[in-house]
Amino acid sequence: MWLLIGNILFQITLFIGVVYGVGFIISLMNRFFYSLVNYSKGVCYATGFIGTPIHELSHALMCVVFRHKIDEIKLFQVDDENGVLGYVRHSYNPKSIYQRIGNFFISVAPIVCGTAVLFLLIKLLLPQTFTMMSAYLTAFSTHAKTGLTMQNVSYLIGSFTGMAQTLLASYTQGAPFWIFVVLALCIALHQNMSGADIKNSLSALPILIGLLIVVNAILYFIFPVAYLSFIGVMNTAGGFLTCGLLLALLCSLIPLSIALLVSLLKKALRRGR
């Protein structure tokens with residue numbers, strides 16, 4: 001029974017908690033970054049030109065998957081009086097459980113899809129790095145299949161640490177690495193969840209959590225052999241997602257660190273005069 005409860009909590013944490021947590025932190029970092037550059041339109045447009053269309057297309061993709069009607073879409077715009085760089089307005093049938101669940105995936109889509117784009121860029125620009133990072137994920141997946149244990153949590157942390165070190169060490173590859181860095185910064189800075197995104201996703205949470213509980217319980221009590229395979233797939237997928245999201249968080253931290261360093265240097269120079 002404790003195995004069932006533990007794995008349900010683990011899945012909720014990986015698929016819901018981590019997504020919200022990373023989305024919230026990236027949003028805070030996003031605001032702090034732009035405050036450090038005094039909300040410069042030039043910086044907003046420079047990063048938003050790449051990051052905003054990916055953000056909005058992620059919303060639109062999930063709208064199609066969950067059969068929401070896209071009423072209006074703007075991939076990128078400038079000089080909006082509210083500072084909104086893009087948006088997707090959609091509608092759905094509130095009586096449809098499937099479409100209601102879709103609200104969660106539509107809201108978190110920029111975080112998940114943005115992370116997928118980051119991995120794709122690594123594969124295209126830094127293939128050797130991608131191969132090494134994949135090895136960490138494969139090693140973790142072997143252990144994750146056994147379910148929730150402290151050892152597996154340790155493997156998850158180790159996998160992300162190894163991936164981060166491998167990526168940062170790729171600076172020796174020259175131009176492809178710096179091209180990735182520029183693109184990654186633009187994408188990661190716009191993987192944030194807006195207040196509207198969070199609000200829209202909340203209605204789907206009870207259904208989504210209930211579905212996880214029901215599926216886990218049915219397999220655990222009625223199909224115990226299938227349950228072991230199920231938690232293996234779920235825990236592995238959750239681990240992959242978590243490592244990817246933490247990587248996106250790392251990419252968001254880089255421009256923030258640079259902006260903070262420049263801001264501190266400017267203040268130091270002013271005091272020295």
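Helices (H or I, at least four residues) were taken as DSSP runs and numbered from the N terminus. The structure is a predicted model, in which local features need pLDDT of at least 70, side-chain atom pairs count only at pLDDT 80 or more, and totals for chains, interfaces and linings use all residues. Residues are numbered from 1 along each chain as its sequence is written, and side-chain values use heavy atoms, with hydrogens and water left out.

Helix H5 (residues 150-168) contains Leu167. This residue is buried (under 20% relative accessible area, 1.4 Å probe, protein chains only), its relative accessibility being 4%. Contacts, defined as heavy atoms within 4.5 Å, link Leu167 to Ile122, Leu126, Thr129, Met133, Phe177, Phe180 and Leu247, when residues up to four places away in sequence are not counted. Between Leu167 and Gln151, 16 residues apart in sequence, the C-alpha to C-alpha separation is 24 Å.

Ser27 is located in helix H1 (residues 2-36). With a relative accessibility of 9%, Ser27 is likewise buried. Residues up to four places away in sequence being left aside, Ser27 touches Asn192 and Met193.

Arg270 belongs to helix H9 (residues 224-272) and is exposed (over 50% relative accessible area), with a value of 58%. Together with Lys266, Lys267 and Arg271, Arg270 forms a patch of positive charge on the surface. Such patches comprise residues with over 30% relative accessible area and no salt bridge, like charges being joined within 9 Å; a salt bridge requires a side-chain nitrogen of Lys or Arg within 4 Å of a carboxyl oxygen of Asp or Glu.

Technical notes
Patches are made of residues with over 30% relative accessible area and no salt bridge: like charges are joined within 9 Å, nonpolar side chains (Val, Leu, Ile, Met, Phe, Trp, Tyr) within 5 Å. Accessible areas come from the Shrake-Rupley method with a 1.4 Å probe; for residues, only the protein chains shown count as cover. Lys and Arg count as positive and Asp and Glu as negative; His and the chain ends are not counted. The place of a charge is taken as NZ of Lys, CZ of Arg, CG of Asp or CD of Glu. Helices (H or I, at least four residues) and strands (E, at least two) are DSSP runs, numbered from the N terminus.
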